[in-house]
Amino acid sequence: MSRAVAISWLGLFAIVLLGAERPPGLADVRDVRHWSYKNYTRVVVELSGPTGRSEVKRLAADRKAGRPERIYLDLPNVWVGTRYADPIRVGDGLLRGIRLGQNRATASRLVIDLERYERHRLFQLTSPDRLVLDIYAHRGPHGGTITARHPSAQKAPRGAPPALKAAPSPRTSLRPVHTVVIDPGHGGDDPGAVGVGGVREKDVTLRLARELALRLRERGFQVFLTRERDQKVSLEARTAFAEGKGADVFVSIHANAARRRGAHGIETYFLDKGHERHSLRVAARENGVPPNELDALQRAVAGLKVSEMSIQSRSLARAVHGKMVKGVRKTHGSVKDLGVKQAPFHVLFLSGMPSILIETGFVTHPQEAKRLASRFYRAVLAEQIARGLSSYRSERSAKLARHAS
Ligand SMILES: [Zn+2]
C-alpha cells in the first residue's frame with residue numbers, strides 16, 4: 001500500500017463503509033476515555049468483547065497534507081462503524097485528538113494525533129475487554145516540560161516513520177523517593193469485601209489511607225490519595241493519577257475476604273510473573289475479573305516486562321510488610337504473617353513506579369473484622385506502613401549515594 005493510500009484511509013473507508021453490512025460476531029466500542037496530566041495522557045478504549053493482539057505504529061507529520069505526527073493501532077474483530085466519525089478533541093499538549101474508524105469490515109483503527117510524544121505503553125485487559133494506551137512526553141530535569149521534539153524524530157529521513165519507543169516502564173532509573181500515591185481500594189457503589197458485622201472494605205481502606213497520609217507528611221513525603229472520599233474510581237483512573245503526579249511509589253490499600261471464615265492474616269503483593277493459585281484468586285477479586293478468567297490474567301502479565309520494576313517493588317513490599325507484622329504483634333499480641341507475594345493486580349501493572357498492594361486483614365474473620373473497624377488497629381498499621389516507606393526511602397537514598405560516589 002502506498003503512503004498516500006495509507007494516510008487517506010479514514011476518509012476512504014468512511015466512504016466505502018457507508019451503508020456497508022456489519023459482519024456478525026464483532027465487538028463494539030463501548031466508550032473512549034482519557035485522562036490528561038502534565039507530561040502524560042492515558043487513553044482507554046472499552047470494548048464489548050475481545051480484540052486481537054495489536055501493535056502500535058507511528059507516522060511522521062505530513063505538513064503538506066496538514067497532518068500531525070501520529071500513532072495508530074488496528075483493532076481486529078471490532079466494529080465501530082461511523083460512530084466516532086468526528087474526532088475526539090483532547091488538546092492537552094500531548095494529544096491533539098483521538099480518532100476511531102472502520103478500517104476494514106472486520107477491524108477498526110485507533111489513531112492518536114500527537115502534539116508531543118516520547119514513548120508509550122499498551123495494555124490489553126479483560127473484564128471488561130479494553131485497551132489502555134499510555135502516552136508520555138519528555139520531562140525536564142526538574143520535572144518541567146521540554147517542548148522540543150525528540151531528536152530521533154527530527155533526524156528521521158523525510159517521509160520515513162520515526163523510531164518507535166515502546167516503553168516497558170517510564171522510570172527504570174532510580175531517583176530519591178519523595179512522592180507517594182496512596183490508593184484506598186474500592187469506593188462508591190463498589191464496597192469491596194463486606195465482612196463480619198457489616199465491616200466494609202471501602203471504609204477501612206479510606207480511613208487507613210488518611211491515617212497513613214498524615215504520618216507520611218510528618219516524615220516529609222509528598223502524598224496524594226487516589227480518592228479523598230467515598231467515590232468510585234476506576235483502576236485506570238487510579239493508576240493514571242499516580243503516573244500523572246509523578247509518584248515515586250504507589251501503595252494500594254485493601255482488606256481481604258475468604259469463603260473460609262478461619263482465614264486471617266496480612267499479606268503484601270507486588271507484581272511479578274510467578275503466582276500461586278491463592279494469589280491469583282485475590283488478584284481476580286480485586287481486579288473484578290471472574291475466576292474463570294485467571295488464565296487470561298496470567299497471560300496478560302506474562303507479556304509484560306516487569307523485571308526491573310519488580311525488584312524495586314519487592315524491596316518496598318518487604319520493607320513495609322515486615323514493619324506491619326512486627327508492629328501489630330507488639331500491640332495486638334499476634335497476627336498471621338501470610339508473607340510477601342506476587343500477583344497480577346491491574347493496579348500494580350498499570351502503574352509505572354514501584355508499587356505494592358497491601359491486604360491489611362480479612363473482614364470475613366471475626367477478630368480481624370473487629371480490628372480493622374477499630375481506630376487503634378488502623379493507627380498501628382498506618383504507623384508501621386509509614387515506617388516501612390521511610391526505611392525504603394533510606395535504602396534507596398543509600399543506593400543512590402553509592403552510585404554517585
Ligand atoms: Zn480490595
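The paragraphs below begin with the whole chain and then turn to its parts.

This is a predicted model, in which local features need pLDDT of at least 70 and side-chain atom pairs count only at pLDDT 80 or more, while totals for chains, interfaces and linings use all residues. Residues are numbered from 1 along each chain as its sequence is written. The protein has 11 helices and 16 strands, where helices (H or I, at least four residues) and strands (E, at least two) are DSSP runs numbered from the N terminus. Of its 405 residues, 43% count as buried, a residue being buried if 20 or more other C-beta atoms lie within 10 Å of its own, exposed if 12 or fewer, and partly exposed in between, with C-beta atoms placed from the backbone. Among contacts between residues at least 6 apart in sequence, 74% join residues at least 24 apart; here two residues are in contact if their C-beta atoms, placed from the backbone, lie within 7 Å.

Two sheets can be taken in turn. Strands of a sheet pair through backbone hydrogen bonds, either parallel or antiparallel, and two strands are said to pair if DSSP finds at least two bridges between them. Strand 9 runs antiparallel to strand 10, to which 7 bridges connect it, and one of the residue pairs is Gln-124 with its bridge partner Leu-131 in strand 10.

Strand 10 (residues 130-136) also contains Ile-135. Is Ile-135 buried or exposed? Ile-135 is buried, because 26 other C-beta atoms lie within 10 Å. Leaving aside neighbours within four places in sequence, Ile-135 is in contact with Thr-41, Leu-94, Leu-95, Ile-112, Tyr-117 and His-120. Arg-116, which is 19 residues away from Ile-135 in sequence, is 9.2 Å away in space, C-alpha to C-alpha.

The other sheet is also open, with 6 strands in the order 12-11-13-16-14-15 and mixed pairing. Strand 12 (222-225) and strand 15 (337-342) are its edge strands, each of which pairs on one side only. On average, neighbouring strands of this sheet are turned by 20° against each other, direction ignored. Helix 10 (residues 366-373) packs on the sheet, where it touches strand 13 and strand 16 (355-362), and its direction makes about 115° with that of strand 16; for such angles, axes are lines fitted to C-alpha atoms, for helices over the stretch in contact, and the values run from 0 to 180 degrees between N-to-C directions.

Within this sheet, strand 11 (residues 179-184) runs parallel to strand 13 (residues 249-256), and 5 bridges join the two. Val-180 has Val-249 as its bridge partner in strand 13, and Pro-184 has Ile-253. Strand 11 also runs parallel to strand 12, joined by 4 bridges, and here Val-180 stands opposite Val-223. Strand 11 is largely enclosed by the rest of the structure, because 5 of its 6 residues are buried. Strand 13 is mostly covered, with 8 of its 8 residues buried: Val-249, Val-251, Ile-253 and Ala-255 point one way, whereas Phe-250, Ser-252, His-254 and Asn-256 point the other way.

After helix 5 comes Gly-246, whose phi is positive, near 65°.

Finally, the axes of helix 4 (residues 201-218) and helix 11 (residues 375-404) come within 8 Å and cross at roughly 45°. That angle makes helix 4 oblique to helix 11, since angles under 35 degrees count as roughly parallel, over 145 as roughly antiparallel, 65 to 115 as roughly perpendicular and the rest as oblique. The residues that make the contact include Leu-208 and Leu-212 of helix 4 and Ala-382 and Ile-385 of helix 11.
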